[in-house]
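Here's a quick tour of the fold and a bit of its side-chain packing. Have the viewer open and follow along.

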Amino acid sequence: MKNRKSIRKPNHDYSEPGWYFITISTKDKEAFFGNIVDGKVKLSAIGKQAEQFWKNIAIYNKHVELGEFVIMPDHIHGIIGIVGDCKDVAVQRPNDTSKNQYMSSIAPKPGSL
């Protein structure tokens, strides 16, 4: 992903309250989340899991509200609102702290998008 151009606003603090439109894409545009059948998305097992994870975001993050979202075969679009002050939020991290090729060498700021 070295050649990927970031569309993030330079010097913007993504832990600031506001509503953010995000897109999450699969690697190589592979249709992990489902297929189009009769003009509608039919979610795969992974797609159904992604849907449940999306709905749980606000349960595990008290400073987050969810707007509309849609799951497509190879990507997810959604609106996430950061509400209130979350600069001192302790983020619950998984036990596995290893990095993979898609993770930045700098950890995300707690409470940020």
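## Starting point: Tyr20

Let's begin with one side chain. Keep in mind that this is a predicted model. Tyr20 has a relative accessibility of 11%, so with the cut-off for buried set at under 20%, Tyr20 counts as buried.

Which residue forms an aromatic pair with Tyr20? That would be Tyr14. Searching the whole structure turns up two aromatic pairs, and the one between Tyr14 and Tyr20 is tilted. Its ring centres sit 5.6 Å from each other, with 45° between the planes. Tyr14 is buried as well, since its relative accessible area is 15% and the limit is under 20%.

## The sheet

Now zoom out to the strands. Three of them make up an open sheet, ordered S1-S5-S4, and they pair in antiparallel fashion. S1 (18-25) and S4 (64-71) are the edge strands, each pairing on one side only. Going from one strand to the next, the twist averages 20°.

How many bridges join S4 to S5? Six, with S5 covering residues 75-82 and the two strands running antiparallel. If you want a spot to look at in S5, find His77: Val70 stands opposite this residue.

## The helix across it

Last stop is helix H1, which spans residues 45-60. H1 lies across S1, S4 and S5. Its direction relative to S4 comes out at about 160°.

Key. Residues numbered from 1 in each chain as written. Predicted model: local features only at pLDDT ≥ 70, side-chain atom pairs only at ≥ 80, totals over all residues. Heavy atoms only, no water. Pairing = 2+ DSSP bridges. Helix = DSSP H or I, 4+ residues; strand = E, 2+ residues; numbered from the N terminus. Axes fitted to C-alpha atoms, helices over the stretch in contact; angles between N-to-C directions. Contact = heavy atoms within 4.5 Å. Phe/Tyr/Trp six-rings, centres within 6.5 Å; stacked < 30°, edge-to-face > 60°. Buried < 20%, exposed > 50% of the residue type's maximum accessible area, 1.4 Å probe, protein only.
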